[in-house]
Amino acid sequence: MKRFSLKYSNLAPLWIAVFVDILGFSIILPFLPFFLNEFNTNPVVIGLLLSSNAIFAFFFGPILSKLSDIYGRKPLLLISQAGTIAGFIILIFANNIETLFIARIVDGIFGGQFPISKAVIGDVVPPEDRPKQMTNIGVTFTLAFLIGPALGGFLSSFGIAGPAILASILAIFTMLFTGLFLKESLPMKINKKNIVVLEEHDTLKINIDNKSTPVYKNKNAMILLIQYTFIVLAAGVFQGTFSLFGFLRLNLNEQMIGLLLTSMGLFQVIFRSLAFNKLRNYLGDPKTAMLGLASFILSYFLLGFVSELWQLVLILFYISFSGATSRGITIGFTSRSVDFRNQGKIMGISSSLDNLSQIFGPIVGGILLALPNNSFYGIFLSMLSIIPFIISFQVLKLGYDNRTIAKGNLKYSELKPSADIH
């Protein structure tokens, strides 16, 4: 796989774009308890604030990503980044809850960076290596959560304007960097008639006049999308309302919440760098994902019974391990289930599921935390996580084991296709 390493370095603009996009979300998380008192509101309204971005991204993200299947990845990615800049600039001047809503909604309307970035990976990375590269998006996501909450907590004395100004500057730099260095990857924009998919020692030529199987008729794709739905629903509740949980359960302040989220991200980055690939090579991608999904069930359940800070720290590390070993691999499998003509569409669908989790996650989390006994918070997350674990036994039968290719030294044309190509 060494021959692909230089090509993967061309994905650098994607990592920066995703990082800055997620930074804008994570940087305000330590401020949530502050918003409760400053704007005289309640957890349900704060949940709606977080969800407002995702509501609009839910509708507009798939549109932008599908347009990228037609007009190219780069122009639609630049349009999305321009919207992110506008959202950050509005956030600078947010001195009431209404302006905060506007800032989040504008960013949501242009919420195409995440799905388009994943579509680019689907364009340039061969199927067997996509779980690893999709996990790199997760690492970038984690780095944003590593720096964002800490940055927000550190700059909390300046109010929301300080972090928003910094985020705006970073977003402008990202747009310039993307415009200068990101190469168009959509095959139909590179070669109009015959698409040549390069693999390790072989090529596969596809005529774009032939039709590919629609996503809704693709059994493998639908199984993986259902599995991913429940993974992100649980994650959406946790990520959107953990700061409120920490405040209500252990009376944690903005700085401590930011530190905990940063520690969680740091653990995931270290694990990804030192142990993740070794675990993948030992167990294979499907079983590695199964391990992570099983870990979610236990870690979320224990979260509901936390009574001390040290207990919370251990459980957060366990949750971080669970996400690192399951989410990126699942997205990689989802990308493998379709051909290049549906990459933008299926990545748009997966990102819509992300947005759906951000819509309902904070709302559901706010309701759970408003109950007299907020232990149901963790129990509910654990119950949601049982479903994707059960589905993982079906995913195991799809044959997406990365070790099969590595050990057998097979060519792409010798493998059973992972998507229907006509």
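**Entry 1: a residue of helix 4**

I began with Ile63, which lies in helix 4, residues 43-71. I note that the model is a predicted one.

**Entry 2: the largest cavity**

Rolling a probe the size of a water molecule over the atoms shows where empty space is left. I found four cavities of 30 Å³ or more. The largest cavity has a volume of about 540 Å³. I listed 31 residues in its lining, and Phe141, Thr142, Gln239, Gln268 and Arg327 lie nearest the centre of this cavity. Among the elements that give two or more residues to this lining are helix 7 (113-124), helix 11 (219-250) and helix 14 (309-336). Helix 8 gives the most, with eight residues. By class, I recorded 18 nonpolar, nine polar and four charged residues in the lining of the largest cavity.

**Entry 3: the second largest cavity**

I noted a volume of about 360 Å³ for the second largest cavity. Its lining has 27 residues, of which Asp21, Ile22, Asn53, Asn355 and Gln358 lie nearest the centre. Helix 4 is one of the elements that supply at least two residues of this lining, and helix 2 (12-26) is another. Helix 15 gives the most, with six residues. I divided the lining of the second largest cavity into 10 nonpolar, 12 polar and five charged residues.

Note on methods: Residues numbered from 1 in each chain as written. Predicted model: local features only at pLDDT ≥ 70, side-chain atom pairs only at ≥ 80, totals over all residues. Heavy atoms only, no water. Helix = DSSP H or I, 4+ residues; strand = E, 2+ residues; numbered from the N terminus. 1 Å grid on protein atoms, 1.4 Å probe; cavity = no way out; pocket = protein on both sides within 12 Å on 5 of 7 lines; lining within 4 Å. Points joined across faces, edges and corners; volume = space filled by probe spheres on them. Nonpolar A, V, L, I, M, F, W, Y, C, P; charged D, E, K, R; others polar.
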